Amino acid sequence: MPFLLQQEPLPLPGCLLVLHERLPSSFFQSGLEDMGSGNGTAVTEFVLLGFSGFGPLRGPLFWGLLCIYLVTLLGNSLIILLTLADRALHLPMYFFLRHFSTVEILYTTTFVPRMLADLLASCPTISPASCFTQLYFFALFGIAECCLLTAMAYDRYAAICRPLHYTTLMNQEACVSMAGASYLMGIITGTTHSLFIFTLPFRGANTIHHFLCDILPVLRLASASTFWGEVGNLAVTIAFILTPFLLIVASYACILATLLGVTTSQGRRKVFSTCSSHLFVVILFFGTGTVAYMRPWAGSSQDTDQILALFYTVVTPVFNPFVYTLRNKEVTGAMKRLVKRYLWSP
């Protein structure tokens, strides 16, 4: 390493070259020394390299992400409006759907505006405080979504498998308690997980090979042992991704057993139609989340991590309003009534 430092400085690629002009050369020299010795200058900002290799595609990607973000905002806002305005949708299922759409809006807003700004920047950087905030809300809203999807699955189980007790099991107090617990679990886990990660020392190396402050890319930069961070990440994954998914699978196993007991094909279609939208969203959300966080870290690819993150932070939320408006007759009917009431009325 001393031999390398005596030679001419190595050429810095793209974004790092821009940052080199703003920071003293000793900053990068200390970063090189830190990789070998574990000591170096404390990091004052992180460099996000997620979009650094897109080159001329950054313009089209900017407009594509902007359109997807606007559709996500408008679509989920429409669901919130419909479930509030139409009395026919004042049911537990749509109570949870309203909260889920709200969380989807907050979840995407945590990342997409920042991603749009980074696509326009020559060298995207983020301060440790902003990175901590992004990581906190990522955990909060992600866990809240998992819990809300589980509550929606329990609602379908109660409605189909225990119809005589449905009004007792899913009364207003129970629904509010489930929604409140979803947010509380997100707040507690997001706070403890984020605080633990950012108590680790970050010195020297400051390049995040991602377009957001996700848990694993940030842990990779810590200049101390990340064993307990990895254990904590695995525990959160098991508790709030794998366990809710297994509970949803158990709920749908009971629903399937009930469905097989329905004698008429029309009855089966009616039962299936009330679950298909939710089941589609569950597969999208938990499918990408499980692949992203249950894979072995040692064999994970940074490019694969970024593709999966782009999918569950940008693409999945935009499907929610389409699934629940195009595949749900009650929501579609509420939309027609709303349009007729406010646009076609004399």
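**Salt bridges, core, helix and sheet**

Guide: D118 is buried, with a relative accessible area of 4%. Buried means under 20% relative accessible area, exposed over 50%, and partly exposed in between, with a 1.4 Å probe and protein chains only. This is a predicted model: local features need pLDDT of at least 70, side-chain atom pairs count only at pLDDT 80 or more, and totals for chains, interfaces and linings use all residues. Residues are numbered from 1 along each chain as its sequence is written, and side-chain values use heavy atoms, with hydrogens and water left out.

Visitor: Which residue forms a salt bridge with D118?

Guide: Start with the rule. A salt bridge is a side-chain nitrogen of Lys or Arg within 4 Å of a carboxyl oxygen of Asp or Glu. Here D118 pairs with R114, and the closest N and O atoms are 3.5 Å apart. The two are four residues apart in helix α5, so about one helical turn separates them. R114 is partly exposed, at 25% relative accessible area. Helices (H or I, at least four residues) and strands (E, at least two) are DSSP runs, numbered from the N terminus.

Visitor: How many salt bridges does this rule give?

Guide: The count comes to three. One of them joins D86 and R337, with the closest N and O atoms 2.9 Å apart. This pair links distant parts of the chain, 251 residues apart. D86 sits in the loop between α4 (58-85) and α5 (92-120), and R337 sits in helix α13 (residues 329-342). D86 counts as buried at 6% relative accessibility. R337 counts as partly exposed at 39%. Another salt bridge joins R156 to D155, with the closest N and O atoms 2.9 Å apart. R156 is buried, at 9%, and D155 is buried too, at 0%.

Visitor: What is a nonpolar core, and how many residues has the largest one here?

Guide: A nonpolar core is a set of buried Ala, Val, Leu, Ile, Met, Phe, Trp, Tyr and Cys residues joined through side-chain atoms within 4.5 Å. The largest one here has 75 residues. Those with the most contacts inside it are F46, F96, L149, F202, I208 and F286. Helix α6 (residues 128-161) gives the largest share, 15 residues. Now look at F202. Contact means heavy atoms within 4.5 Å. Leaving out residues up to four places away in sequence, F202 touches T41, A42, V43, F46, I197, V218, L221, A222 and S223.

Visitor: Is α6 enclosed or open to the outside?

Guide: Count its buried residues. In α6, 25 of the 34 residues are buried, so this helix is largely enclosed by the rest of the structure. Next, check its span.

Visitor: Where does UniProt place the feature "transmembrane region"?

Guide: The unreviewed UniProt entry places it at several spans, including residues 96-116 and 136-154. UniProt positions are given in the numbering used here, feature names are shortened, and annotations may be inferred rather than shown by experiment. In the model, residues 96-116 are 100% helix and 0% strand, with end C-alpha atoms 30 Å apart. Residues 136-154 are also 100% helix and 0% strand, and their ends lie 27 Å apart.

Visitor: What order do the strands of the open sheet have?

Guide: Two strands pair if DSSP finds at least two bridges between them. The three strands run in the order β2-β1-β3, with mixed pairing. β2 (125-126) and β3 (207-208) stand at the edges with a single partner strand each, so one side of each has no neighbour in the sheet.
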